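Student: I would like to go through the labels on this model one at a time. Please set each value against its definition before concluding.

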Amino acid sequence: MASAAEQRKRRRRPKTRLGKAWARVRGFFDRAAGLFPLTWLGVVILAGCAWAFFDYGLEQIDLILLVIGAVGLGIGVIALLATLLAAGLVGLRHRRKSSDAPIDIECGYPVPTGFTLPRMWWMPFVSVTWRWLDPEAKVRIRPHRFALREEVIASHRGHVSTIVRELEVGDIFGLTRIRMRLLEQRKVRFVPSVGQLERVDVIRGMAGGEDILHPDGPAEGELYDLRHYTPGDPIRFVLWKVFARSRQLVVRSPERALSPIRQTCAYLVAGEGDEPAAGAARLAVMHGSLGNDWVLGADGSHEDAKRRDQAVDLLARSANTNEEQAGRGLGEFLKRRGNFAGSVGRAVVFVPGRPGPWLDAVLDQCRGATSRGGRLEFVVGTDGIVASPPKRWLARLAVRERSYEVAPGAVAPVTTEQVAEVVKALSSAGRVIVVDRMAGRMFADG
């Protein structure tokens, strides 16, 4: 069961010239129809009232129909004039508006945008509502004194510079209605929600230590470790007491001085249902789970982020990645981080919980990295895991399919079969962690 955000991603835009022309024509007629001030109900009622007033009321002197027709026509005319006046005032004031103050909106939570419209309290017949056409978001209108304030709830991350609103002005009886579009030039960034996750435990690797006597010296400590004798080992390191008891040659070896890896490479793979993975990546960056020195990359961008503000912007822009390009930028990212293999050879890859074309692309990109000695760790993001539906037709008839309500800013839950396919495929390339963003839970070791 796909959410509205996933259906929007899968929706294909017309690629042919005929399809594009038809889309323009249809959009033109939709806008033209929105400017017509009467609804179908208004046309029927006004036509009936006019017929009752003129044909029966005036010509046949039917006083009942005369009063009914006059009242209906009067209400219709007043509602029409009030709607036209209100639409004209709002349209002239907010036809093209620009704001230099960018806003950040976290998906799944109501956030005020600062956009307001007058309540038209001096026009009791008029009702004013609006919605967002682009980008996609749910609008809540909060009355406050003499103004209507806007709050939006975003369902998916993104980055836009123009807001297209559709304003609807009508009367309370539903007789008249005018729809118009309002454009606002404003930078809006929708950041992925972290849900109920409090932390993302990303285990940090170990590298050669720094507490040594000389920069050119080996990263070795005291002779505390033990291992079996190999030809060429100094004979003075042999433990003869152990040889006397076990008849095995054991030598002392220098202890390796280890310290945590300073830099962690992180990457977000964009694909169908990638919002939980993006939220987990944002949480890891904001809470310092990647360490003090980290680098973040994402699909759809050839630049890497090393600061938190850059990382959040990079995660928001990754929503524009095409499905065919999902996961194909991981190899280039690892190549840009030339020190991935060796002492700093560790990367954390955030991936969706639903299999798709990105899975094969990621596996192909990871083969070269693991062959160079790098270590990979995958964080699979989900918004809930449900049981897979039965495959046999008889079992499907006996078990009623459950419908799951998707919370704002979330995606549809994945099935156990889908997440098992992802975990099994990625386990061959590295360690896998599954996170449930809505429940705030983590499942390690597959």
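Student: Where does Ile61 lie?

Tutor: Ile61 is in the loop between α3 and α4 (63-94). Helices (H or I, at least four residues) and strands (E, at least two) are DSSP runs, numbered from the N terminus. This is a predicted model, in which local features need pLDDT of at least 70 and side-chain atom pairs count only at pLDDT 80 or more, while totals for chains, interfaces and linings use all residues. Residues are numbered from 1 along each chain as its sequence is written, and side-chain values use heavy atoms, with hydrogens and water left out.

Student: Why does Ile61 count as exposed?

Tutor: Buried means under 20% relative accessible area, exposed means over 50%, and partly exposed is in between (1.4 Å probe, protein chains only). Ile61 has 57% relative accessibility, so it counts as exposed.

Student: What is the phi of Ile61?

Tutor: Ile61 has a positive phi of about 55 degrees, although it is not a glycine. Most residues other than glycine have a negative phi. Arg247, in the loop between α5 (240-246) and β11 (250-253), also has a positive phi, near 60 degrees.

Student: Is Arg247 buried or exposed, and what makes it so?

Tutor: Its relative accessibility is 63%, so Arg247 counts as exposed.

Student: Which peptide bond is cis, with omega near 0 degrees?

Tutor: The bond from Asp134 to Pro135. Pro135 is in the loop between β4 and β5. Most peptide bonds are trans.

Student: Why does Thr39 count as buried?

Tutor: Thr39 has 12% relative accessibility, so it falls into the buried class. Its place is in the loop between α2 (17-34) and α3 (40-59).

Student: What does Thr39 touch, not counting residues up to four places away in sequence?

Tutor: Contact means heavy atoms within 4.5 Å. Thr39 touches Gly174, Leu175, Thr176 and Arg177.

Student: How do you know that the side chain of Thr39 makes a polar contact with Gly42?

Tutor: A polar contact is a pair of N or O atoms within 3.5 Å; within protein, one must be able to donate a hydrogen and the other to accept it, and residues adjacent in sequence count only if both atoms are side-chain atoms. A polar side-chain atom of Thr39 lies 3.1 Å from the backbone nitrogen of Gly42, so the pair falls within the cut-off.

Student: Why does Ser318 count as buried?

Tutor: At 2% relative accessibility, Ser318 belongs to the buried class. Ser318 lies in the loop between α7 (308-317) and α8 (330-336), and its side chain reaches the backbone oxygen of Leu315 at 2.6 Å. Among the residues it touches are Arg157, Leu268 and Asp299.

Student: What makes Phe115 and Trp130 an edge-to-face pair?

Tutor: Rings of Phe, Tyr and Trp (its six-membered ring) pair if their centres lie within 6.5 Å; planes under 30 degrees apart count as stacked, over 60 as edge-to-face and the rest as tilted. By this rule the count comes to 8 aromatic pairs. Phe115 and Trp130 are 5.5 Å apart, centre to centre, with 75 degrees between the planes, which makes the pair edge-to-face. Phe115 lies in strand β3 (residues 111-118) and Trp130 in strand β4 (residues 126-134), so the pair ties together parts that are 15 residues apart in sequence. Both Phe115 and Trp130 are buried.

Student: Which parts does the pair of Trp132 and Phe190 tie together?

Tutor: These two rings are also edge-to-face, at 6.4 Å centre to centre and 70 degrees between the planes. Trp132 is in strand β4 and Phe190 in strand β8 (residues 177-191), so the pair ties together parts that are 58 residues apart in sequence. Trp132 and Phe190 are buried.

Student: How do you know that the charged end of Arg165 sits over the ring of Phe115?

Tutor: The rule asks for NZ of Lys or CZ of Arg within 6 Å of the ring centre and within 35 degrees of the ring normal. Arg165 meets it, with its charged end 3.8 Å from the centre of the Phe115 ring.

Student: What makes β3 and β6 paired strands?

Tutor: Two strands pair if DSSP finds at least two bridges between them. β3 and strand β6 (residues 147-154) have 5 bridges, in the antiparallel sense. Val111 has Val152 in β6 as its bridge partner.

Student: In the open sheet of 3 strands, which are the edge strands?

Tutor: The order is β3-β6-β5, with antiparallel pairing. β3 and β5 (137-144) are the edge strands, since each pairs on one side only.
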